[in-house]
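Let's take a walk through this structure together, one chain at a time. Keep the viewer open and follow along.

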Amino acid sequence: MLRTIAYRLTGIPLIILGLLTITFILTRGIASDPIYGILSIRELMNEDYVALVREKYGLDEPLIVQYFNYLWNTVQGDLGTSFRTRQPILSDLLAKTPATLELIIFSLTIAGVLGVTLGCLAARFEGSVLDVTIRAVSLVGSSVPVFWLAIILLYLGSVVLDWFPGPGRISQRIAPLEDGTGFFLIDALVQGRWDAFQSALRQIMLPSIVLAWSILGTITRLVRASMLDAMESDFITLARAKGVGSWAITLRHALRASLLSTITILAHVFGYLLTGAVLVEAIFAWPGLGDYAIESARALDYPAILGVTLVSGVTFILVNLIADILYTVADPRIRQ
Amino acid sequence: MTMLDLKTDELDQPPSAVAPNRIWASLRSSPLALTAIAIIAVWTFIGLTIDLWAPYDPLAPAGDRLQPPNAQHWFGTDTLGRDIFTRTMYGVRYSLPLALIVMFFTVLIGSVIGMLAGYYGGWIDYILMRLTDITAAFPPLILAMCVVAVLGPGIVNSAIALVAVWWPITARLLRAEVLSVKERDHVMAARVNSASDRRIMLRHIQPLCWAPVLVNATVDIGIVIIAIAGLSFIGLGSTPPTPEWGQMIYEGAGRYFNWWIATGPGLAIVTLALAFNFLGDAFQKALDPRRGEG
C-alpha cells in the first residue's frame, strides 16, 4: 500500500512542474509584454523608468532565467503582484479562499447526500419509471448552464417567493464578524453570534443549491452505474442466493461496495465545483476565488488569473491524490 | 501469390467498425434520440433562415425598454429595447457552429495524440500522456479563462482556448481503444504484410476506435455550447452588441428583477445542450447496449 501511495506522490511534483511551465508559457510566451500591464501609458513614455521597472520585475533577463526565477518564486509562495489590486497575489488568494471553500463544501454535502440517495434508488429500481425519471432529470441537470440557473433561482427564490435573501455573503444590516478563520459559519459559532450565523446560513443556501444542482446529475449517474456494477458481482449473487432482501442487498452490500468509487466520484466533481463556483460567485456577489478570477479576467490582470489557475490546478490535483490514497487505504484488494 | 499471402490479405481488411445502419436503427427506435435530432434540426434551420423571417433587427431597438414578454415581444425586450426573441434566434448562429468547430479540432488533436501514444507506446506514450495529465489537471473553464485572458478577449480566441483545454478527454479515450485494437488479428496481419505504421494507424486501427470518442464528442458539444456562453458571460467571449447567448445572459445577470432578459437565451442553451446530451446517450446505447444502460 505504501508503495502505491509513494508511487502516486512521486508523480505530483512532475505534474505541478508541468502546471507551472504551462502558466509560464501563457504569460511570457504568448502574452504581450507584461510591462504593458504593470505601467500606465504615461509611465511607458519614460524609457528610463520602463527600464528600471523591467529590472525590478526581472523582465530584462533572458527567458530561460525568467523561467527559473518564476519557478523559484512560486515555490517560495511568491505568485507576483496583481496589476489590479496592487497586492501580492498569494495574500489576495488566501483572503478569498475561505469564502469559496465554505460554498464548495456546503454544496458538495448537499449534492453528495442527494446524489448518492438518488443513484441508489435508481439502481435499486433499475428500469422502473423512477429510474427513468431520475436519469432524465440528471441529464437535464447537466444541460442547464449554472450561471443561468443562478439568475433564475435568485429571481424565484428571493423576489417571487421571498424565501432567500438577495446576493451577498452575510446581511449588511448586522454588525460585521470579527476576523477569524474566514469561514463565516464557523466564525459566527465561535464568537457566539447567533444572528450572524443565521444570516450567513440563509445567504449560503441559494448559491450552494445552484452549485449542487450543477454536479447532482453527474454524481447520480456515476453512483447508479457503480451500484449496478456492484450488483453484478459474485458476493451479491451469493447474498441473493442466501435469501437476503433486495433493500438489504442495496444498502448493506452494494452501497458499501460502491462507497469507494463514490469517493473518487466526489473528487472528480470537485473540478466542476471549482469551475461552477467561478460563475456562481459572480452572480451571488460572493467574495471568493471565482469572483476574484472573473474580476481579474475582466481587467486582463493575468498574473492574478494565473495565480487562480495555478491554485485551482494544484488544489484539484491534491483532492484527487487524497481520493486515491483513501481508495488505496480503504480497498483491501489494492492494499495487498 | 501463395496461399498464405491470400489469407493475410483477407485478414488485412479491418472488420466493419461502427455500423451506421445499426446505429440508425437503434436511434430510430428511441423517442428521445428522435426528439434530440428534431431539436438540432430546428435550430439549424433557424440559424440558416433567420435573416428571412426575423421579426425585428437583432441590433436595433424594437420598442420600449424592458418590456416583459407580451404578444409583440415573446421574450420581452432588453435594457436597450431590443427584441430578445429575435436576438435569441440569432444567437444560434454563434453557439452551434462554434461548438461544432471546437469539437472538430478537439477530436482531431486529441485523436492524433491518443493514436500516437497508444500505437507507439514507450517514451512517446509517456511524454504525450504526461502532457495530457497536466492539461487535464486544470479545471477546464478556469484554464480556458486564463488562455483567453492571455490571448485577448474575443469569440475566436475563446474557441481556441476551449480546444486547448478540451482535447485530453479524446486523447485518453482514443489511446485506450488503440491499446486494445492494436493487439487484434487483422493488425497483426497488416504488420506481417509489412504495411507502414501510418497505414496501419489510419486504415486498420483508426476505423475501430470511434465508438467512445463519438459518444463523448456528442455529449461534449452540449457542454462546449455552455462553456462558450460561460466565457462570454465572464466577459471574455463575444463583445456587445453581439446577440450571443452568454453575452445576453450576462446582460440579465445584474437585473434579476427583469428575469426575462436571461430567460430566452438560457432556454435556448438548455434545449440545444439537452438535445446533444440525449443524442450522446442514445449513441451510447446503440454502440454498447450494456453500458448504455448505465
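**A walk through chains B and A**

Chain B contains 13 helices and zero strands, where helices (H or I, at least four residues) and strands (E, at least two) are DSSP runs numbered from the N terminus. Its pattern along the sequence therefore reads α-α-α-α-α-α-α-α-α-α-α-α-α. The C-alpha trace of chain B spans about 85 × 45 × 35 Å along its principal axes. Before going on, please note that this is a predicted model, in which local features need pLDDT of at least 70 and side-chain atom pairs count only at pLDDT 80 or more, while totals for chains, interfaces and linings use all residues. Residues are numbered from 1 along each chain as its sequence is written, chains are lettered from A and ligands numbered from 1 in the order in which they are written, and side-chain values use heavy atoms, with hydrogens and water left out.

Now find helix 4 of chain B, residues 84-120, which holds F104(B). With 37 residues at 1.5 Å each, this helix should span 54 Å, and the 53 Å between its end C-alpha atoms agrees; the expected span is 1.5 Å times one less than the number of residues. Helix 4 of chain B also has a kink of about 25° centred on Y90(B), the bend being the angle between axes fitted to the seven residues ending at a residue and the seven starting there. After the helix comes G121(B), with a positive phi near 60°.

What do I101(B), F104(B), F105(B), L108(B), I109(B), V112(B), L116(B) and Y120(B) make? Together they make a nonpolar surface patch of about 690 Å². Such a patch joins nonpolar side chains (Val, Leu, Ile, Met, Phe, Trp, Tyr) within 5 Å, from residues with over 30% relative accessible area and no salt bridge; the areas come from the Shrake-Rupley method with a 1.4 Å probe, and only the protein chains shown count as cover. An α-helix has 3.6 residues a turn, so residues three or four places apart point the same way.

Further along chain B, a cis peptide bond with omega of about 5° joins P240(B) and P241(B). P241(B) sits in the loop between helix 10 (210-234) and helix 11 (245-253) of chain B.

Turning to chain A, E102(A) and R169(A) form a salt bridge (2.9 Å, N to O), meaning a side-chain nitrogen of Lys or Arg within 4 Å of a carboxyl oxygen of Asp or Glu. E102(A) belongs to helix 6 (residues 89-124) of chain A and R169(A) to the loop between helix 8 (146-160) and helix 9 (184-190), so the pair ties together parts 67 residues apart in sequence.

Notes
Patches are made of residues with over 30% relative accessible area and no salt bridge: like charges are joined within 9 Å, nonpolar side chains (Val, Leu, Ile, Met, Phe, Trp, Tyr) within 5 Å.
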